[in-house]
Number of protein chains: 2
Amino acid sequence: MGAERLGYHRQRVGKSDRFLRACRRQPVDGTPVWFMRQAGRYLGEYRAVRERHGLLEICRTPELAAEVTLQPVRALGVDAAILFSDLLLPLEPLGVPFHFAEGEGPVIDAPVRSPADVDRLRRFDPREELRSVLETIRLVRRELEGKVPLIGFAGAPFTLASYAVEGGRSTTFAATKALMYGDPPAWHRLAGLLAEVAGDYLRAQAEAGAQALQVFDSWVGALDAADYREFVLPHVKALFARAGGLVPVVHFGTGTAHLLALQREAGGDVIGLDWRVPLDEGWRAVGDGAGVQGNLDPAALLGPRARLLSRVDEVMARAGGRPGHVFNLGHGILPTTPVDNVKAVVDHVHDHAARRAGSG
Amino acid sequence: MGAERLGYHRQRVGKSDRFLRACRRQPVDGTPVWFMRQAGRYLGEYRAVRERHGLLEICRTPELAAEVTLQPVRALGVDAAILFSDLLLPLEPLGVPFHFAEGEGPVIDAPVRSPADVDRLRRFDPREELRSVLETIRLVRRELEGKVPLIGFAGAPFTLASYAVEGGRSTTFAATKALMYGDPPAWHRLAGLLAEVAGDYLRAQAEAGAQALQVFDSWVGALDAADYREFVLPHVKALFARAGGLVPVVHFGTGTAHLLALQREAGGDVIGLDWRVPLDEGWRAVGDGAGVQGNLDPAALLGPRARLLSRVDEVMARAGGRPGHVFNLGHGILPTTPVDNVKAVVDHVHDHAARRAGSG
């Protein structure tokens, strides 16, 4: 398969270390690049699998999840694989079953709204209840043969709670905040439990072979800094403590320009930036103690090539070759993205490194 | 009706000027307070009207729109009325019909996706095609008898375009940005037309009696500063020029912490702040040349009274009694908000003024 040959053809000596070295803010031979949702609907190979299998079926079947995880590595030549899974998988063993409605995203069967609902949730051992995910990790590691590292992930307490409480996606997070403000002890029990479960899950992923981890607090930007400090920060800290520090961790959110210093305080070797904050300004807010990941607008990939690549150049210029930058989008690849544009970004980021090497 | 007596009972000498004086950064006898979506589902009186009439029917029937506009003035004692209308009304005469699907928000019958779609839109005269709105303004002014001023409003080009292009609400604005990046001339024709129409519409509202205006660019925070400067700023400037400067204008968006200086550059006597940016920091970004409106998290109204009022105090403290602050939420009142909490905020802001007067 052409894409497969292309992908592996582009491997260079040292490539397998590029992402992990950047996470540790060590010098690299070139800026590593991967994409959130790099395994997804924009890829023909992915759509072919999805025609035959449901989303949760793929997540829970190691062979399928591994195959889908590897597709973008072959097709794009990215510098890291990310486990194909769903953020919500830990909800079911917690006692919060859900399904995906056609074209509507996740639907929680019985949203968690009251203190009694919170107290009904059950702690569980991810090594048991999510073992198919850990098996996927082992399979992917075997298939990758060290070519690029594998990133595991889990949702952070606020983001996981928002799905459980709202019953699905939200734009206002009204029910989540109503619980938070209305019954802080119940909120802290909920967020504390989610932090434990997500921390254990991340640790189990690292033990199964994930060489880095990403914590998705995708929706936490809906909170102001005071709420973050009171209702989220302690739980994210607990999550990081529990995850164990075995491997580097990326800590990601969107709309978080006002929270970056607090997110850094909560934990993470690398802080994810969305596209709203220029990378250099975001990095200043994060501080010297961490790297940054980002931050091209995913919608830039929908536009013409020249404009797209000039925006890639802008991100690279703002990073300025400083150790600790992982190139990524500010959020996931959009389903309508042309694959060729994604490849062009990978090549452009890699060529940037080659140009620097050539002139250095 | 008790609420009605309550509302008018609380009028004080000078109250009718409070909001307009604040818009001009003149000293006031107390910080003016009103709420985005103060006429809405959280109010029993509103739900009673909605049981008998559709949303667009209310918007297009001056007697009904006037009644709904006045409800929160009576019930809450706010310092300004805002025209009850829908942001999307100008789309229909432009040639973009839409309807409201049950529980789903607006659905555009045929989204504007191509340059040909853009060129099919027709310029129109709001004094003709939206005259029912202007009639509502005249009715409301008569009913208000000068007790509080009436605010008119319109959507800004990006926000209006996003509905027309996406076909409804969006979280990614993928199609809008695809048009913007993919065919900048078509985008500029679309945004330019929307700026003309919205500017004319605002001017017509002021001429009909609106004593202030608000420009809603609710979703523009999805753009980074470079995109705002290239694709939005010139059109918002044109809108302001066209609106005519007859009355003060509030310029509002959400998620705009990174855009505040540019929004101020685009226009507006008062810049709206959402809750993510602390009011004093937001005001610093806006600069000395404009007031600010905001910025309590609407979700704070879902929480217990003591926490709610301490957050009101925090907003007031950050404003520091500086002329030019209009108290409001960071976005619209949520449908699940208890009316008593909204009243409590109005009274608390007003009592703050009384306390300052008492100690001054």
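These questions and answers cover a predicted model with chains A and B.

Q: How do you know that the length of helix α12 of chain A agrees with its residue count?
A: Helix α12(A) covers residues 184-208, which is 25 residues.

Q: What makes residues of chain A and chain B count as in contact?
A: Their C-beta atoms, placed from the backbone, must lie within 7 Å. By that cut-off, 24 residues of chain A are in contact with 24 residues of chain B. Helix α11(A), residues 174-182, gives the largest share of chain A's side, 5 residues. By class, that side has 12 nonpolar, 7 polar and 5 charged residues.

Q: Why do β1 and β4 of chain B count as paired?
A: Pairing needs at least two bridges. β1(B) and β4(B), residues 150-155, are joined by 2 bridges, so they count as a pair. The two strands run parallel. Ile82(B) stands opposite Ile151(B) in β4(B).

Q: Why are β1 and β9 of chain B called edge strands?
A: The open sheet has 7 strands in the order β1-β4-β5-β6-β7-β8-β9, with parallel pairing. β1 (81-82) and β9 (325-329) of chain B each pair on one side only.

Q: Which strands does helix α15 of chain B touch?
A: Helix α15(B), residues 279-286, packs on the sheet and touches β7 (270-272) and β8 (291-296) of chain B. The direction of α15(B) makes about 150° with that of β8(B).

Key:
Residues numbered from 1 in each chain as written. Chains lettered and ligands numbered in written order. Predicted model: local features only at pLDDT ≥ 70, side-chain atom pairs only at ≥ 80, totals over all residues. Helix = DSSP H or I, 4+ residues; strand = E, 2+ residues; numbered from the N terminus. Expected span 1.5 Å × (residues − 1). Contact = placed C-beta atoms within 7 Å. Nonpolar A, V, L, I, M, F, W, Y, C, P; charged D, E, K, R; others polar. Axes fitted to C-alpha atoms, helices over the stretch in contact; angles between N-to-C directions.
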